[in-house]
Amino acid sequence: MPAPHAHAFSARACAPHARHRASPRTRCRAWSTSVPSSTASTSLERDGFVESTPMKVYIEDTDAYGVVYYANYFRFTDRAAQEAFECALEQGRGWFEGASASFRELSLVSISNVKYARGAVLGDEVIVRTTIMDADAHHVRLMQDVIDKHGGLYLSAQTTYARPDGARAATTGIGAAQASTAPSWSTTRVMVYRDEQSGGVGGGCSHVDVMRFFERGRSDAIGGSAALAELKSKHNVIAVVSRLDAVFPMKIF
């Protein structure tokens with residue numbers, strides 16, 4: 001964990017997948033053909049599936065600094081993933097080779113290569129562009145970019161979804177960035193209350209819920225909410241998450 005005066009933090013979290021409130025239904029678009037067929041291993045890759053899902057930033061999405069709370073971008077990407085999944089089904093092109101599934105059966109098993117470019121603010125209209133990177137009978141890996149209407153980037157990340165029988169295999173080999181210096185540790189006990197479980201149909205905590213738990217621990221390691229407030233008021237320093245690699249191997253109830 002970086003020292004209290006640091007401006008940015010690397011994050012690693014473990015969480016289950018969950019569904020969030022549905023985004024407005026978008027019309028399924030024709031998929032682009034941006035992936036050369038000679039390098040593709042599945043029909044999804046050959047067709048270069050890309051779906052764009054528009055969303056609007058509400059006050060519930062923002063934090064105390066007036067920007068979108070870093071974990072809430074993954075509410076947006078999850079909703080966009082569902083839109084892309086359902087559009088693929090409508091076109092008769094499921095995500096998984098030789099297997100049928102509904103989105104509610106899938107688990108988000110990892111988030112990696114996250115880049116936070118800039119913060120979206122209240123009232124912004126954002127677009128989540130979802131591209132199929134690779135897929136097989138058990139999991140699908142997506143490239144998801146949160147952009148503005150001009151293509152300016154807010155966030156980019158790779159997300160991996162898996163069917164129940166492929167969740168363990170999909171997480172194998174996914175790691176997190178290691179600190180260059182020996183870390184110091186603090187522990188925050190978390191009581192999981194029923195109203196904090198947004199796991200939807202599958203129950204339990206969602207990936208966004210557990211990122212909130214991580215944020216409590218991060219704040220405690222810095223010195224608590226008072227320390228964060230002092231950094232802002234006295235030193236004009238805002239502590240933000242700038243990188244994130246997360247693996248979600250198990251469900252938390």
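Visitor: What share of the protein chain is buried?

Guide: Buried residues make up 45% of the 253 residues in the protein chain. Buried means under 20% relative accessible area, exposed means over 50%, and partly exposed is in between, with a 1.4 Å probe and protein chains only. This is a predicted model, where local features need pLDDT of at least 70 and side-chain atom pairs count only at pLDDT 80 or more, while totals for chains, interfaces and linings use all residues. Residues are numbered from 1 along each chain as its sequence is written, and side-chain values use heavy atoms, with hydrogens and water left out.

Visitor: Thanks! How many helices and strands are there?

Guide: The protein chain has five helices and seven strands. Helices (H or I, at least four residues) and strands (E, at least two) are DSSP runs, numbered from the N terminus. From that end on, the order is β-α-β-α-β-β-β-β-α-α-α-β.

Visitor: Which strands pair with E4?

Guide: Strand E2 (residues 50-56) is one of them, and it pairs with E4 in the antiparallel sense over seven bridges. Two strands pair if DSSP finds at least two bridges between them. Thr53, for instance, has Val128 in E4 as its bridge partner. E4 is also joined to E5 by eight bridges, again antiparallel.

Visitor: What do E4 and E5 form, and which residue is the partner of Arg129?

Guide: E4 and E5 form a hairpin, with three residues between them. The bridge partner of Arg129 is Asp145, in E5.

Visitor: Okay, new topic. Which residues have the most contacts inside the largest nonpolar core?

Guide: They are Tyr70, Tyr73, Trp95, Ile111 and Tyr116, in a core of 40 residues. A nonpolar core is a set of buried Ala, Val, Leu, Ile, Met, Phe, Trp, Tyr and Cys residues joined through side-chain atoms within 4.5 Å. The elements giving two or more residues to this core include helix H2 (73-90), strand E3 (107-116) and helix H4 (207-222). H2 gives the most, with eight residues. At least three residues come from each of domain 1 (47-166) and domain 2 (188-244); those bounds come from an automatic or database domain assignment.

Visitor: What does Tyr73 touch?

Guide: Not counting residues up to four places away in sequence, Tyr73 touches Val68, Tyr116, Arg118, Gly119, Ala120, Val146, Tyr154 and Leu155. Contact means heavy atoms within 4.5 Å.

Visitor: And pockets? How much space lies in the second largest pocket?

Guide: About 470 Å³. A pocket is an open set of points on a 1 Å grid over the protein atoms alone, where a 1.4 Å probe fits, with protein on both sides within 12 Å along at least five of seven lines; lining residues have an atom within 4 Å of a point. The volume is the space filled by probe spheres set on the points, which are joined across faces, edges and corners. This pocket is lined by 20 residues, and the closest to its centre are Asp63, Tyr65, Val67, Ala239 and Val240.

Visitor: Which element gives the most to that lining?

Guide: E7 does, with three residues.

Visitor: Last one: what is the phi of Asn113, and where is Asn113?

Guide: Asn113 has a positive phi of about 50° although it is not a glycine, and its place is in strand E3. Asn113 is partly exposed, with a relative accessible area of 48%. Asn236 also has a positive phi, of about 55°, and is found in the loop between helix H5 (225-235) and E7. Asn236 is exposed, at 60% relative accessible area.
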